[in-house]
Amino acid sequence: MKKEKWMAGVTLLAMCVCLLFPVSVKAQEQTAGQSSSTTITTQVPETHKATLTIVGKGTVTVNGQTCEGEVSHMEVKIPRLTETEWKFSPADGYTLEEVLYNGTDVTEELADHTYRADPVNEDGTEVKVVFTEKTSGTAGRDPSGSGSHQSGSDTSTSGGTSGKDSPKTGDDTAAGLWVGTMTAAAFLAACCLGVYRKRKA
């Protein structure tokens, strides 16, 4: 008899725990006959961080910022969702040897020492430029071209750019665990009731 009472108590306790299990709900406030809900907002940045590395002597101009000399991993800001223009100017006695945009050699794609990059929507763009000293009989690559070029890819972005950032929503409640616990509690209660009736009979 004591065993049946103990099992019944355990079953009741399990059902109480299930009822107290947290369930995600939308909180609303009723004031003067009107309902109101909480609104979550986020601030979208106007610029993103990019890393610029300069090897040799020369200047790089991007978004109104001018960087000069040998700099390792210098942080610059580029506009968000706007085509960015990178202009590379070698110093006297130097020539533009190579430009890497996110690891891709885009030297041959420059127009008047300028590279026009696709819009970005996140931090992480990496640009490296190499200026080499001129020697007799060596002019270097010193690329030039006609017209402008639009980069066909931007490896610093993922999923493309649509001009809008969609917030991520969802319910993180473990509904499966809740249903499983309720089922187990009901099964245990049924077993205890069956044993109790059998012994009583």
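A residue counts as exposed when its relative accessible area is over 50%, as buried under 20%, and as partly exposed in between. The exercises below apply this to a predicted model.

**Exercise 1. Find the salt bridges and say which parts of the chain they link.**

Step 1. Count them. The search of the whole structure returns two salt bridges.

Step 2. Look at glutamate 85 and arginine 116. Their side chains meet at 2.2 Å, N to O. Glutamate 85 sits in strand 7 and arginine 116 in strand 10. The two are 31 residues apart, so this pair links distant parts of the chain.

Step 3. Look at aspartate 112 and lysine 87. The closest N and O atoms of this salt bridge are 4.0 Å apart. Aspartate 112 lies in the loop between strand 9 (104-105) and strand 10, while lysine 87 lies in strand 7, so the bridge ties together parts 25 residues apart in sequence.

**Exercise 2. Describe the largest nonpolar core.**

Step 1. Give its size. The core has 22 residues.

Step 2. Name the residues with the most contacts inside it. They are Trp86, Phe88, Tyr101, Tyr115 and Val129.

Step 3. Assign the core to elements. Two or more residues each come from strand 3 (47-55), strand 4 (58-62), strand 6 (71-79), strand 7 (84-90), strand 8 (94-101), strand 10 (114-117) and strand 11 (125-133).

Step 4. Strand 8 gives the largest share, four residues.

**Exercise 3. Summarise the whole chain.**

Step 1. List the secondary structure. The protein chain has two helices and eleven strands. From the N terminus, the order is α-β-β-β-β-β-β-β-β-β-β-β-α.

Step 2. Check burial. Of the 201 residues, 25% are buried.

Step 3. Check contact range. Take contacts between residues at least 6 apart in sequence: 75% of them join residues at least 24 apart.

Step 4. Check the surface. The accessible surface is about 13,900 Å². Carbon and sulfur atoms hold 54% of it.

Technical notes
Residues numbered from 1 in each chain as written. Predicted model: local features only at pLDDT ≥ 70, side-chain atom pairs only at ≥ 80, totals over all residues. Heavy atoms only, no water. Core = buried A, V, L, I, M, F, W, Y, C linked by side-chain atoms within 4.5 Å. Buried < 20%, exposed > 50% of the residue type's maximum accessible area, 1.4 Å probe, protein only. Contact = heavy atoms within 4.5 Å. Areas by Shrake-Rupley, 256 points an atom, 1.4 Å probe, with all protein chains shown as cover.
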